[in-house]
Amino acid sequence: MKLPVKLSVRTAVPLTALVLAATACAPGTSDNSGAAKDDKSGTLRVWLFQEVNNTPKQQLVDTAIGDFQRAHDGAKVQVEYIPVETRAEKIKAAFNDPKSAPDVIEYGNTDTAGYVKDGGLADVTKEFGAWDEAKDTDPTAKESVTVDGKIYGAPYFVGVRALYYRTDVFKELGVAVPKTQAQLAAAAKEIHQKRPDLYGLAVGGAYTYGAMPFIWANGGELAEEKGASYVSAIDSPAAQKGIKAYTSLFGGANCPAAKCAAMGGNDTVTAFASGKAAMAIGGDFSHQAVEAGKVKGKYAVVPLPGVRVGDIAPAFAGGNNIGVLKSTSHRTLAVDLMKQLASKSSQRALFDKMGFLPTYTDVRDEVAKKEPFVAPFVRTLGAGAKFVPASPAWAKIDSSLVLPTMFQEIVSGRKDVEAASGDAAKKMDDAFGAAG
């Protein structure tokens, strides 16, 4: 089953924002020379992202590493799980200090172009082309590791978000499942009014990928192509309408700004899983964490509604990849480990343990038939997912928290939508201009 969104350079994360650090004091980018050595034994270092509940991921990764070590005599693997929210500077520094850098990393597919521009990822085009399993990779997932026709990793999973809601709360309060975004906002406020102990809908000022569907559903865009670059569109009337729809969900009637303005995607999923929210915008990749929480057996998932009845809000096409660092002194082993971690068997396990959708078309067809919970996410993909601007500038925009700052300025009352979106647009245009 091919994803219905064409991504010109890369596909998308977790979501969650997955970005490079771009600060005034950041070290310069690495060169493109790569490592001269290719040791066939020794210890490989791997950085993977830490999940809300990391135990299932550790278990499946341990299995994959065990298989790898048995097949590669003399090779050992050391895994470090790094926080998604604070990994940007860590990865940036690794690109510039090969001695402390890992050999293999998990990275968000919005990062591909930026990481390639920084000279951090190894070109594995030849190895990917010779890998038998790779022929079944979803074409758009393959694009998530492709820059200028070259391959810089292996797709690990694809992710998309939908609306989780408490079936018991909706039944108890007599609230109908919302079919439009206006109904969603009304239901959230009705629930919080009747059950003040609950957020009606958990939202976060730092939850960029949860906010984007509101912008897109109202006809807005983040940016528009202009020649070989982009210009911001976040301050257009349509985008501002979507921003207003999202930020209206903050406040005493649903999710107080004092508590919710700083929340990110993981925070909103945790609030739902722990029984503190009646609804949340979560991914297929959030399923395991919700299942492990207090709401197990008391929730359902539907596509996030659009503006009109029957519409599905366009979702951010997310996902992560596994890549090899150019600086590795174990290139052959590192590529083999990349293939092991991103293999069909590993992606089946990732789905079984965590609900992450596979990037292989045949494996995704298998799991969709096996697990009903996949259906709303597949429907969301089928309705037409969207992506961030395919530019290295997105790394700076994301790491500089341009959009979270905009949302937080609005919900705190410091700026109105027009002023905050205008300032965000200027910052985005500066980043696009600097990226060329």
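Tutor: Buried means under 20% relative accessible area, exposed over 50%, and partly exposed in between (1.4 Å probe, protein chains only). This is a predicted model, where local features need pLDDT of at least 70, side-chain atom pairs count only at pLDDT 80 or more, and totals for chains, interfaces and linings use all residues. Residues are numbered from 1 along each chain as its sequence is written, and side-chain values use heavy atoms, without hydrogens and water.

Student: Which residues of helix H11 are buried?

Tutor: Helices (H or I, at least four residues) and strands (E, at least two) are DSSP runs, numbered from the N terminus. H11 spans residues 265-273. Its buried residues are Gly265, Thr268, Val269, Ala271, Phe272 and Ala273.

Student: What covers the buried residues of H11?

Tutor: Look for contact, meaning heavy atoms within 4.5 Å. The cover includes strand S7 (161-166), strand S10 (279-283), helix H12 (287-291) and strand S11 (299-302).

Student: Which residue just after H11 takes a positive phi?

Tutor: Step just past the end of H11 and check the backbone. The phi there is about 85°, and the residue is Gly275.

Student: At what angle do H1 and H13 pack?

Tutor: Helix H1 covers residues 55-71 and helix H13 residues 331-341, with their axes (lines fitted to C-alpha atoms over the stretch in contact, angles from 0 to 180 degrees between N-to-C directions) 10 Å apart. The contact is made by Val61, Ala64, Asp67 and Phe68 of H1 and Leu333, Asp336, Leu337, Gln340 and Leu341 of H13. The angle is about 135°.
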